[in-house]
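I opened the notebook to look up the chain contacts first. The annotated sites come after that.

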2 protein chains.
Amino acid sequence: MTQPFSFRLLATDGRARRGEIVTPHGVVRTPAFMPVGTLGTVKAMFMDDVKATGADVVLGNTYHLMLRPGAERVAALGGLHKFSTWDKTILTDSGGFQVMSLAQLRKMDERGVTFQSHIDGSRHELTPERSIEIQGLLGSDIQMQLDECVRLPAEPKEVERGMQLSLRWAERSRRQFEAMGGPEKGQGLYGIVQGGDVPSLREVSARELSAMPFEGYSVGGLAVGEPQAVMLKMIDVVDPILPRDKPRYLMGVGTPDDIIESVARGIDQFDCVMPTRAGRHGLAYTRFGKLNFKNARHMDDPRPIDPTSDCPAARDYSRAYIHHLVRTGEALGAMLLTWVNVAYYQSLMQGIRDAIEAGRFEEFKAETKAAWARGENG
Amino acid sequence: MTQPFSFRLLATDGRARRGEIVTPHGVVRTPAFMPVGTLGTVKAMFMDDVKATGADVVLGNTYHLMLRPGAERVAALGGLHKFSTWDKTILTDSGGFQVMSLAQLRKMDERGVTFQSHIDGSRHELTPERSIEIQGLLGSDIQMQLDECVRLPAEPKEVERGMQLSLRWAERSRRQFEAMGGPEKGQGLYGIVQGGDVPSLREVSARELSAMPFEGYSVGGLAVGEPQAVMLKMIDVVDPILPRDKPRYLMGVGTPDDIIESVARGIDQFDCVMPTRAGRHGLAYTRFGKLNFKNARHMDDPRPIDPTSDCPAARDYSRAYIHHLVRTGEALGAMLLTWVNVAYYQSLMQGIRDAIEAGRFEEFKAETKAAWARGENG
């Protein structure tokens, strides 16, 4: 048997936590940001460069991968690690969120959800059991239960129905995970807290899930357009309930500010398309805030984005050149800015981890936010 | 004064030539293939990776760069080498060919050509003097005279008119190049042989240009849709006329087969969008012919494109993965296949150079063509 999935808390500072997850593909230093690699590729980057930014884990999307190239095909090719050339940890979602946001002609019942592919209209079914089966075929190190994420705003009754269904699906997901030998392979399965923006429902969900033997816990159904204050309030509600010795993953979050505020409330893992998507749209995240390279003010600027950065893309190319690439629609513009953003997110996480270890997370948070607000010329 | 532009013939094998061009930015081993970097970027590649494939020189397009970001802007930013981060040799074309193929509302007379930008309709003028001025502002190591490339098929009278105009523009280009101190900077200016598909006109053009003090000679107006036999015939016509101690550059060529046949006829330099464009369209060039990654036959193939390649893109990714990337339109597919193709073209040139040195070019040519024809399963 492989070494089992484990989580170790190395240090805390207030509610902020510095830890380490061990999976069959290495150590994940937490708090961790997981770049999104929807289809087995972090868009417009080489995996070697993703790794060099300090990422310990990337996320794959079950919905996309089950449609193309197909879970059985990936398994026959040796699993998602080998297929994608990413040899560190992979986390997969359950597919549920994308079924609800992308697929057509969905029909959901107790058993699961049937839908038509948004690509070719082909019919598929996703049940808790099939979602875990797919994630197992992909060889995912950290898997998610299938859940239902009710779209907000919604009536509390509807939010409760989705939350309760998700709890029943949590049990079925867990059974399937164990039937497939996930624990023996050292993989982890996370339960997902639902309950929308209703604190009492979040509490019920967190309590019920905590009683089940998950390796970690996700907070789902947030970062879907609600104000940041609502998101942080929901984290505050579940923080004291979730087991302290398990990792907590805030799904789909977020901006650098969302991340730093959520770490302050005990969150250990994050994923978001923001750094990669922004990179394809001419935006750079930096320690002094965002830069929009569509803006003509960069046209004659010989400076690199950040001469102090370890990232070649931020250090070795002029802003004028990057502006030119973005303006002319050259692929290299997206390649460089995606790299800049993934590197900045990782350097932010490294700063967060160092600060927690040093017992100065609050100062780091204040300094970091001040630098964003001040901008580079402040 | 910098070391002057120079060309040295190191070996010959039949009419095939192995040589070395020295420019202010290093040595160009010939026969050389120059990847196209139209806008100061070899599309979808990092310059470090271009360099690692063995390319000694890339091409920039004067027409595109004069419109965006503008020659004066590039000069203010330190020149095209610094702007693009390519620190080896840069060759630029004159802009004439793209004006005729891309720009709108062209008006040509003895003085030059006025046109509207295909991007924003702005009015511009390109004369022999302005073309050289732009190439000087870019800091190009190997510059081209402005010429007129008459579209084939055309009446011999019309071909002759364009060829004669190009000869007069050759003189004006040379005067401007010397006025700008090109020779003192160690840069080179090439005259361009025109004359369409009319042997007697090609002879006149080659003879007249040979009497002018150019650092090299281009063969223009070919690879525009004519049969390969016509192209090779035109090379045969000019080969005995052009000075043997100057490099010969066949513009816009071509397929691997075009290249090997042209080397056999004394050509030293090539450029073509084929490897980069094909890479963005799912095609790989390999030593056993072309592979089309849109084809579903690659879907379950765990093999790399070529395990014997030095290129990581050809060696470290499965065909199944590359097919998946192409099928899903992921940027990484274009990034990998462009890299594969640029690397294959460079390895072909290295093979050609080695074979000429070893006095076995004809054998190499036969073996290489047999391998393409046989395919990998032959």
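I count a polar contact as a pair of N or O atoms within 3.5 Å, where, within protein, one must be able to donate a hydrogen and the other to accept it. This is a predicted model. With that rule I get eight residue pairs in polar contact between chain B and chain A, both residues at pLDDT 80 or more.

Next, the elements. Helix H4 (80-84), helix H13 (319-327) and helix H14 (331-357) of chain B each give two or more residues to the side that touches chain A. By class, I find 18 nonpolar, seven polar and nine charged residues on that side of chain B.

I then looked for salt bridges. The rule finds four across the interface of chain B and chain A. One side-chain pair in a salt bridge is Arg73(B) with Asp300(A), at 2.6 Å, N to O.

How much area is buried between chain B and chain A? I read about 3000 Å², with 63% from carbon and sulfur atoms. Phe46(B), Tyr321(B) and Glu330(B) supply 20% of the area that chain B buries against chain A, more than any other three residues. In contacts, 34 residues of chain B meet 34 residues of chain A.

I moved to the records. UniProt, in an unreviewed entry, lists residues 15-372 of chain A as "domain: tRNA-guanine(15) transglycosylase-like". I find that span 43% helix and 18% strand, with its end C-alpha atoms 23 Å apart. The "binding site" feature, also from an unreviewed UniProt entry, includes Asp147(A), Gln194(A) and Gly221(A).

I checked Asp147(A). It sits in the loop between strand S10 (142-144) and helix H7 (156-179) of chain A. Is Asp147(A) buried or exposed? Its relative accessible area is 9%, so I call Asp147(A) buried. The side chains of Asp147(A) and Gln194(A) are joined by a polar contact of 2.7 Å. Beyond four places in sequence, Asp147(A) also touches residues including Ser94(A), Gly96(A) and Trp169(A).

Then Gly221(A), in the loop between S12 and H9 of chain A. Gly221(A) counts as buried because its relative accessibility is 11%. Its contacts beyond four places in sequence are Cys149(A), Leu152(A), Gln194(A) and Arg202(A).

I followed the chain into helix H9 (residues 228-238) of chain A. Its buried residues are Met231(A), Leu232(A), Met234(A), Ile235(A), Val237(A) and Val238(A). They pack against elements including strand S11 (188-193), helix H8 (199-210) and helix H10 (256-263) of chain A.

Notes. Residues are numbered from 1 along each chain as its sequence is written. Chains are lettered from A and ligands numbered from 1 in the order in which they are written. This is a predicted model: local features need pLDDT of at least 70, side-chain atom pairs count only at pLDDT 80 or more; totals for chains, interfaces and linings use all residues. Side-chain values use heavy atoms; hydrogens and water are left out. UniProt positions are given in the numbering used here, feature names are shortened, and annotations may be inferred rather than shown by experiment. Helices (H or I, at least four residues) and strands (E, at least two) are DSSP runs, numbered from the N terminus. Contact means heavy atoms within 4.5 Å. Buried area is the accessible area (1.4 Å probe) that two parts lose on being put together, summed over both. Ala, Val, Leu, Ile, Met, Phe, Trp, Tyr, Cys and Pro count as nonpolar, Asp, Glu, Lys and Arg as charged, and the others, Gly among them, as polar. Buried means under 20% relative accessible area, exposed over 50%, partly exposed in between (1.4 Å probe, protein chains only).
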